[in-house]
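These are my notebook entries on a structure that is new to me.

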Amino acid sequence: MEYMKHHCADIFKCYSTSAMQIDGKWHYLFATEDKGVCLDFSDDFKLNGTVWEGPGGTMSIVPIPGKPNQFLAVQEFFPTFNAPNAKIVWVEYIDEAWVVHPFIDLPYVHRFDLLHRDGVTYFVAGSLCTSKQDRDDWSDPGTILVGILPDHWTKPMELKSVKDKLTRHHGYSRGKWEGKVAGFFTADEGVFSLIPPGEGDLDWKVTQLMDRRVSDISVFDIDGDGVDEITTIEPFHGNAYVVSKLIGKEYVEVYRYPGELDFAHVVWGGKLNGIPTLLGAARRLNKELFMIRYDETKGFVTTVLETGFGPSNIFVVNRQDGDHILVCNREQGEAAVFTTKG
């Protein structure tokens, strides 16, 4: 694969990124987890403007299905796990400017998403914990919360827990399970799939897929056999990047990143320029960003794209002229985009 890195901006503790189209033009969003900004860039890496100056503390940014100029985001989840006042804001682009509205207070919300099924947009969220006395206190586990997203930020949203007692409830990924749209949540207790209600299904379905201590996850068919593999970072903020394959009735490790990792924090699976690809990264030691593809002859082939920058999160934009990888280089304080071919 050919690739080129483009520096967008210096953002202290750059942590969260996403992308959305408005009036046919891409907007690339980058935000800090510390106190500070969320910035909006065009797809030629030029600054469009500032989404907000603060307060910051952004863990996740999620465009709203069916509302092309609107997204939800976490604010006030500050380092390190300082998030009793964390909340979700509703943001919309009006007259070429971003407007931020308060939406719902949600202490310790870390990852969240919007799952659309049978005409309904569902809100799903994972709280890292429920309360904390200090950064090392994990005595009050987190929970998976769900609700139906209203059509406007002024309307209330009722939430309920569908799974609780999840320790270090950190990771999340969207995918499909049993042929339906699903969210995948992780914790010390393992990996759980979450399928929202739909026609023929009256309630949420939660299924435990693994009982290993997992920090982050992607569910994707990397070897092309028609069955999704589960790629995980283990344990919490761990040093293992593992691909597990369903053999019989359980998931068995078939690949482990061969280099030494510390504070691994990125796992993504999908098609990059049409080719099944895994991406990963770590925030300490070599601070690398790497790519994994599967070859029928060679098996898993690993390529290191960059070292020394320490990504926290990425977002991939599939494009006809070559896909873009949006990268939050948290340890370097950089928002960057990799353009790719092949």
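I began with the second largest pocket, which is lined by 25 residues, and I noted Thr80, Phe81, His237, Phe263 and Arg283 as the ones nearest its centre. For a pocket I used an open set of points on a 1 Å grid over the protein atoms alone, where a 1.4 Å probe fits and protein lies on both sides within 12 Å along at least five of seven lines; lining residues have an atom within 4 Å of a point. The volume of this second largest pocket is about 460 Å³, a volume being the space filled by probe spheres set on the points, with grid points joined across faces, edges and corners.

I kept in mind that this is a predicted model, in which local features need pLDDT of at least 70 and side-chain atom pairs count only at pLDDT 80 or more, while totals for chains, interfaces and linings use all residues. Residues are numbered from 1 along each chain as its sequence is written, and side-chain values use heavy atoms, without hydrogens and water.

I then turned to the largest pocket, which holds about 1200 Å³ of space. Of its 39 lining residues, Ser173, Arg174, Trp268, Ile314 and Phe315 are closest to the centre. β22 gives the largest share of this lining, seven residues; strands here are DSSP runs of E, at least two residues long, numbered from the N terminus.

Next I looked up Ser18, which sits in strand β2, residues 14–22. Ser18 has a relative accessible area of 1% and is therefore buried (under 20%, with exposed over 50% and partly exposed in between, for a 1.4 Å probe and protein chains only). Beyond its neighbours within four places in sequence, Ser18 is in contact (heavy atoms within 4.5 Å) with residues including His27, Tyr28 and Phe315. Eight of the nine residues of β2 are buried, so this strand is largely enclosed by the rest of the structure.

I also followed β2 to strand β3, residues 25–32, with which it pairs in the antiparallel sense over eight bridges (DSSP must find at least two for a pair). Cys14 stands opposite Thr32 in β3.

Last, I checked the rings and found 18 aromatic pairs in the structure, with ring centres of Phe, Tyr or Trp (its six-membered ring) within 6.5 Å, and planes under 30 degrees apart stacked, over 60 edge-to-face and the rest tilted.

How values were computed
Helix = DSSP H or I, 4+ residues; strand = E, 2+ residues; numbered from the N terminus.
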